[in-house]
Amino acid sequence: KGCIGRTPQAKEFKMSQGRWPIKSAKILLDLLRNAESNAEFKNLDTENLTITHIQVSEAQQGRRRTYRAHGRINAYMNCPCHVEMILEEKEEAVETPDVEEAKPKKFTKKQLAKRRLQVGGAP
């Protein structure tokens, strides 16, 4: 009963056994809901929000002890993590004008010297 079950959906990854990360998915969904409510509080448009950055990094492990038979003690650790998520409002696309203004080209001293040589007719 405590093993990983076999599933046909894992064939896509050339495996016979597969899992679904239900607990971590629920935590990420809660974080997204929290971010959405924060955006509403800041008067942002929640329909135009996009995730621009998401990062998960290890946090310091929590240490506890579990007591075993014959007076032994084993470590009982948990592995938490830090989840960093940045959401931004998607900017509406603005059409650029068709007419391009002629910008004066900037040349370096080296390029100007080469042009002077070409105009002078170097042998």
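Reply: Let us begin with surface patches, which are made of residues with over 30% relative accessible area and no salt bridge, where like charges are joined within 9 Å and nonpolar side chains (Val, Leu, Ile, Met, Phe, Trp, Tyr) within 5 Å. Accessible areas come from the Shrake-Rupley method with a 1.4 Å probe, and for residues only the protein chains shown count as cover. A salt bridge, in turn, is a side-chain nitrogen of Lys or Arg within 4 Å of a carboxyl oxygen of Asp or Glu. Please keep in mind that this is a predicted model, in which local features need pLDDT of at least 70 and side-chain atom pairs count only at pLDDT 80 or more, while totals for chains, interfaces and linings use all residues. Residues are numbered from 1 along each chain as its sequence is written, and side-chain values use heavy atoms, with hydrogens and water left out.

Me: Which residues make the nonpolar surface patch here?

Reply: The patch, of about 550 Å², is made by Leu28, Leu29, Leu32, Ile51, Ile54, Val56 and Val83. To place them, you need the elements: helices (H or I, at least four residues) and strands (E, at least two) are DSSP runs, numbered from the N terminus. Helix H1 (22-41) and strand E1 (49-58) each supply at least two residues of this patch. Leu32, for instance, is found in helix H1, whereas Ile51 has its place in strand E1; the two are 19 residues apart in sequence and 9.5 Å apart in space, C-alpha to C-alpha.

Me: Are Leu32 and Ile51 buried, exposed or in between?

Reply: The general idea is a scale of relative accessible area, on which buried means under 20%, exposed over 50%, and partly exposed in between (1.4 Å probe, protein chains only). Leu32 has a relative accessible area of 32%, so it is partly exposed, and Ile51, at 44%, counts as partly exposed.

Me: How many salt bridges does the structure hold, and which residues form a salt bridge?

Reply: The structure holds one salt bridge. Asp30 forms a salt bridge with Arg33, the closest N and O atoms being 2.7 Å apart. Because Asp30 and Arg33 are three residues apart in helix H1, about one helical turn separates them. Asp30 counts as partly exposed, at 44% relative accessibility.

Me: How do strands pair, and which strand does E2 join?

Reply: Two strands pair if DSSP finds at least two bridges between them. Here six bridges join E2 to strand E3 (residues 73-78), and the strands run antiparallel, with Arg63 standing opposite Met77 in E3. The hairpin of E2 and E3 has five residues between the strands, and in this hairpin His70 takes a positive phi near 60 degrees. Of the six residues of strand E2 (residues 62-67), the number buried is zero, so the strand lies largely in the open.

Me: Which other residues have a positive phi although they are not glycines?

Reply: Lys14 has a positive phi of about 55 degrees although it is not a glycine; Lys14 is found in the segment before H1 and counts as exposed at 78% relative accessibility. Asn43 likewise is not a glycine, yet has a positive phi of about 60 degrees. Asn43 lies in the loop between H1 and E1, and at 69% relative accessibility it counts as exposed.

Me: How many disulfides does the structure hold, and where does that leave Cys79?

Reply: A disulfide is a covalent bond between the sulfur atoms of two cysteines, and the test used is a pair of cysteine sulfur atoms within 2.5 Å. The structure holds zero disulfides. Cys79 is in no disulfide, and its nearest cysteine sulfur, that of Cys81, is 9.7 Å away, which is too far for a bond. Cys79 counts as exposed, at 63% relative accessibility, whereas Cys81 is partly exposed, with a relative accessible area of 45%.
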